[in-house]
Amino acid sequence: MAAAAAALEAWQAASRRGRRSAAMRPRRREAAAAPAAAARDPGAQDEVDGGDVLRRIQEAREDLLLSDFWSSALETINRCLRKYLEQLKAPVGPLSEALGNLHLDSSPGESDVAPGSVPEETPVTGSCRLKCVCYGVGNFATCIIARNQLAFLLLFLEKCQIPRSHCWVYDPLFSQLEIAVLSTLGVVVLSENEEGKRSVYGEPTVFYMLHCGTALYNNLLWRNWSIDALSKMVIVGNSFRGLEERLLTRILQKHYPYVAKVLKGREELAFPQTSQYTDVFNDTSVHWFPVQKLTQLSTDTWAFREEPDYQDCEGLEIIRNKTEEDPSATD
């Protein structure tokens, strides 16, 4: 934490120096993958102060807590996690305490605790903790949508009593300032682009990946393509039902076969839609994979385990790992 704080202070100092001469420099071009201009902060600057970013995250968190959306979304997550955790057959005592924190009868003030105040020793699923992996949250230092999604993630960790040290975060677009801010918040920033190919390693894991490319979900499913692994996974992200409706069946089966095959093996609850957060959580659902449904899939479904390559897939919506793309690169 001392190193993260030092890095953040360094970036804050650099930001203050940079702003003094900002009028003398041309504005940078926006990154190709950056959100639309309407999603950026009014008057957002090229270089921002780390303290300002933390303050804006806190403000976004407070706004979420006071919104009708948060209560409704929490109820949706609650319904899914109850079924999911029952499937894990966790001990009753500690689990009931954790699920009690998902009830909606507390006021916003009761949930308003300081960052990092969640005790790491608090069990969630008996002797096994829930873990969380977040992909693609975006440039939250300058994008309002990304910042609201990050604020929601932090609230979710708090409500489910997942220690921030058990949450891994990655986006290839993160700036060094954003990495420093995330480290200060206590989450673990991954240094490598996994392309979503992360195993749950037999541990209950929630994947938080809003508005990510379909290939990222396909890669995640491939890496965990077994009844045991999928049954330990929850995905908060793009609606699989929506993917099924938007994509032609032949395209889905050819380019994203693991998404196509798991459609009959998942349950899905859609996030509520409100005008305040329409652009932030649109087309978002909570997905989990009941063992009863997974065991009903054909044997051939599980026999196919080929790693996706997307060689002839146009409009791929993920940033590839450059090391894997370059055939001349060495391990």
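Start with helix H6 (residues 144-159), which lies across S1, strand S2 (167-170) and S4 and runs at about 165° to S4. Helices here are DSSP runs of H or I with at least four residues, strands are runs of E with at least two, and both are numbered from the N terminus. For the angles, axes are lines fitted to C-alpha atoms, for helices over the stretch in contact, and the values run from 0 to 180 degrees between N-to-C directions.

Some housekeeping: this is a predicted model, so local features need pLDDT of at least 70 and side-chain atom pairs count only at pLDDT 80 or more, while totals for chains, interfaces and linings use all residues. Numbering runs from 1 along each chain as its sequence is written, and side-chain values use heavy atoms, with hydrogens and water left out.

**The sheet**

Now select the strands. Seven of them form an open sheet with mixed pairing, in the order S3-S2-S1-S4-S5-S7-S6. Strand S3 (188-189) and strand S6 (267-270) stand at the edges with a single partner strand each, so one side of each has no neighbour in the sheet. Two strands count as paired if DSSP finds at least two bridges between them. Pick out strand S1 (residues 131-135) and strand S4 (residues 205-209): they pair in the parallel sense over four bridges. To see one, click Val133, whose bridge partner in S4 is Phe207.

Next, bring up H3, which packs on the sheet and touches S4, strand S5 (233-238), S6 and strand S7 (284-288); the direction of H3 makes about 10° with that of S7. Contact here means heavy atoms within 4.5 Å. Zoom in on Thr76, which sits in helix H3 (residues 68-87). Is Thr76 buried or exposed? Thr76 is buried, with a relative accessible area of 8%; the cut-offs are under 20% for buried, over 50% for exposed and partly exposed in between, with a 1.4 Å probe and protein chains only. Not counting residues up to four places away in sequence, Thr76 touches Leu269, Ala270, Phe271, Pro272 and Val286.

**The cores**

Time to go inside. The largest nonpolar core has 53 residues, and those with the most contacts inside it are Phe140, Leu150, Phe152, Leu157, Tyr208, Phe271 and Phe281. A second, separate core of 34 residues includes Val133, Phe207, Leu263 and Leu297. A core, in this sense, is a set of buried Ala, Val, Leu, Ile, Met, Phe, Trp, Tyr and Cys residues joined through side-chain atoms within 4.5 Å.

Stop at Phe281. Beyond its neighbours within four places in sequence, Phe281 has contacts that include Leu64, Phe69, Asn148, Gln149, Phe152, Tyr208 and Phe271. Ring pairs also link Phe281 into a cluster with Phe69, Trp70, Phe152, Tyr208, Phe271 and Tyr277.

**Ring pairs**

Rings of Phe, Tyr and Trp (its six-membered ring) pair if their centres lie within 6.5 Å; planes under 30 degrees apart are stacked, over 60 edge-to-face and the rest tilted. By this rule there are 16 aromatic pairs. Show Trp225 and Trp302: their ring centres are 4.9 Å apart and their planes at 40°, so the pair is tilted. Trp225 lies in the loop between helix H8 (214-223) and helix H9 (227-230) and Trp302 in helix H15 (residues 299-303), so the pair ties together parts 77 residues apart in sequence. Trp225 is buried at 1% relative accessibility, and Trp302 is buried at 16%.

While you are there, colour H8 by accessibility: nine of its 10 residues are buried.

**Salt bridges**

Last stop, the charged side chains. The structure holds 13 salt bridges, each a side-chain nitrogen of Lys or Arg within 4 Å of a carboxyl oxygen of Asp or Glu. Select Arg266 and Glu268, whose closest N and O atoms are 2.9 Å apart. Arg266 is buried at 11% relative accessible area, and Glu268 is buried at 10%.

Then move to the network that joins Asp52, Arg55 and Glu59 through shared partners. Within it, Glu59 bridges to Arg55 with the closest N and O atoms 3.0 Å apart. Glu59 and Arg55 are four residues apart in helix H2 (residues 50-66), which means about one helical turn separates them. Glu59 is partly exposed at 35%, and Arg55 is partly exposed at 40%.
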